[in-house]
Amino acid sequence: MREDLLHFIWKTNKLQHKELTTTSGESIVIQNLGLHNQNTGPDFFNAKLVIAGQVWAGNVEMHLKSSDWYAHGHETDSNYDNVILHVVWEDDVAVFRKDKTEIPTLTLKNLITTSFLDHYRKLLYNSKRTFVNCEKDLASVDGFLRTNWAERLYIERLEQKSKLIFDLLKASKNDWEAVLFKLLLKNFGLKVNGEAFKGIAEATDFSVIRKLGNDVFALESVILGQARLFDIKHDGDAYYAKLQKEYAFQKAKFLLRNESVQKPDFFGLRPNNFPTIRLSQFANLYASNESLFSKVVQVDDLGAMYTIFHAETSDYWRDHYTFGKVSKSSKKRLTKSFIDLLLINTIIPLKFAYQKIHGKMEEGLLLGLAMALGPEKNNIISKFDEIDTTTKNAFESQSRLQLYNEYCSKNQCLRCKIGTALLNKNG
């Protein structure tokens, strides 16, 4: 038994056909359930009840046991002075306000059917599940409800990502270009080198990138140097020697430091994802796009986005993956699938945050952009594909990741529209 079940019973009005009385035998009529409070304080604000014929307006607090009122210290907390009803699963002690008046108590234990509790336990404590609690019943949930819930999940995910963006914006004194630089460089590193690339961005003030402008050689030397990729000597490699010399000059000029930067990893990566390749592509992207943020924030067309991110490595890397070792020559451009990941994880969240801070939300455009992008491929998405319809686009993959990370994996079925729909259906 969990307290969120009590919240669910109350806010879905499962008690509407019951004759309710307090533990002292006084009648209770619910006129307004109140507003569910997700933060600190009583569980429901501004309820309206008729208790023993008298109308009461105030808050409702819920606990598994009445004694939890004292265990949580509510008797000394002024936030709970206006509680007009204490709803509990089991009444084990009388509860009083600070002024010594007793709070009416409603006990739910004998008001809820056994069949409803069985369905609740089956949903939240499914011992036979292989992935998520509702995996056997997921497909039976109404499609319209699921679509609306997916949209809410996607916006919720963007809201979460925007918190980091607002923190970066504050730290950079509202420099959106600098924020994009940090986010984009981190995401160029993907899962393996994301933190290492983030360290490069944190160690390199964006004013340096601005001043180097379209000088791709200088940009590449600084970014590779800040990544500590010049720590190992490669005698006989002329391009390496030129880059190293350029970095030494720029390092002295801009007083660059890189001691705290984590060295990026090569192990286990496909050659096209080697940090040398990704960082060269990143340098070329910035060298060919002055005011990159200004460009991406004004563009909503997917084709135009691909044009902006049409970047490749410097010539040296056409026949190299690492310094000093020649390989078969090939152009190493950013692939469509890689650009899709950048758009999903960097550009769309940044556009969302920008719109939000300027009070000009265009959620439909952002949803449309996400729907036009291919889905991410990972273990969570693969498992959803096994138990449900195939994930068709980035909108669906992002929604499913939010669903799993914030609800399924935390056993928060009673906060999930799918979980509550299944419980209502069977209860």
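Two strands pair if DSSP finds at least two bridges between them. Helices (H or I, at least four residues) and strands (E, at least two) are DSSP runs, numbered from the N terminus. What you have on screen is a predicted model, where local features need pLDDT of at least 70 and side-chain atom pairs count only at pLDDT 80 or more, while totals for chains, interfaces and linings use all residues. Residues are numbered from 1 along each chain as its sequence is written, and side-chain values use heavy atoms, with hydrogens and water left out.

**Stop 1: the strands**

Select residues 54-65, strand β5, together with residues 83-90, strand β6: six bridges pair them in the parallel sense. Click on Met62 and look across to β6, where Val87 is its bridge partner.

β4 runs antiparallel to β5, and six bridges join the two. Leu49 sits opposite Trp56 of β5. β4 and β5 make a hairpin with two residues between them, and Ala52 in that turn has a positive phi of about 55°.

**Stop 2: α5 and α13**

Next, select residues 176-188 (α5) and 336-357 (α13): these helices pack at about 155°, with their axes 10 Å apart. Axes are lines fitted to C-alpha atoms, for helices over the stretch in contact, and angles run from 0 to 180 degrees between N-to-C directions. α5 and α13 are therefore roughly antiparallel (an angle over 145 degrees). Show side chains for the contact (heavy atoms within 4.5 Å): α5 brings residues including Trp176, Leu180 and Phe188, and among those from α13 are Phe338, Leu350 and Tyr354. By class, this contact of α5 with α13 has 13 nonpolar residues (Ala, Val, Leu, Ile, Met, Phe, Trp, Tyr, Cys and Pro), no charged ones (Asp, Glu, Lys and Arg) and three polar ones (the others, Gly among them).

**Stop 3: α6 and α10**

Move on to residues 190-203, helix α6, and bring up α10 as well. Their axes come within 12 Å and cross at roughly 45°. The contact is made by Asn193, Phe197 and Ile200 of α6 and Pro275, Arg278 and Leu279 of α10.

**Stop 4: Gln281**

Stay in α10 (residues 275-287) and pick Gln281. Is Gln281 buried or exposed? At 1% relative accessibility, Gln281 counts as buried (under 20% relative accessible area, with a 1.4 Å probe and protein chains only). Leaving aside neighbours within four places in sequence, Gln281 is in contact with Phe188, Ala311, Glu312, Thr313, Lys332, Arg333 and Leu334.

Conventions. Angles under 35 degrees count as roughly parallel, over 145 as roughly antiparallel, 65 to 115 as roughly perpendicular and the rest as oblique. Buried means under 20% relative accessible area, exposed over 50%, partly exposed in between (1.4 Å probe, protein chains only).
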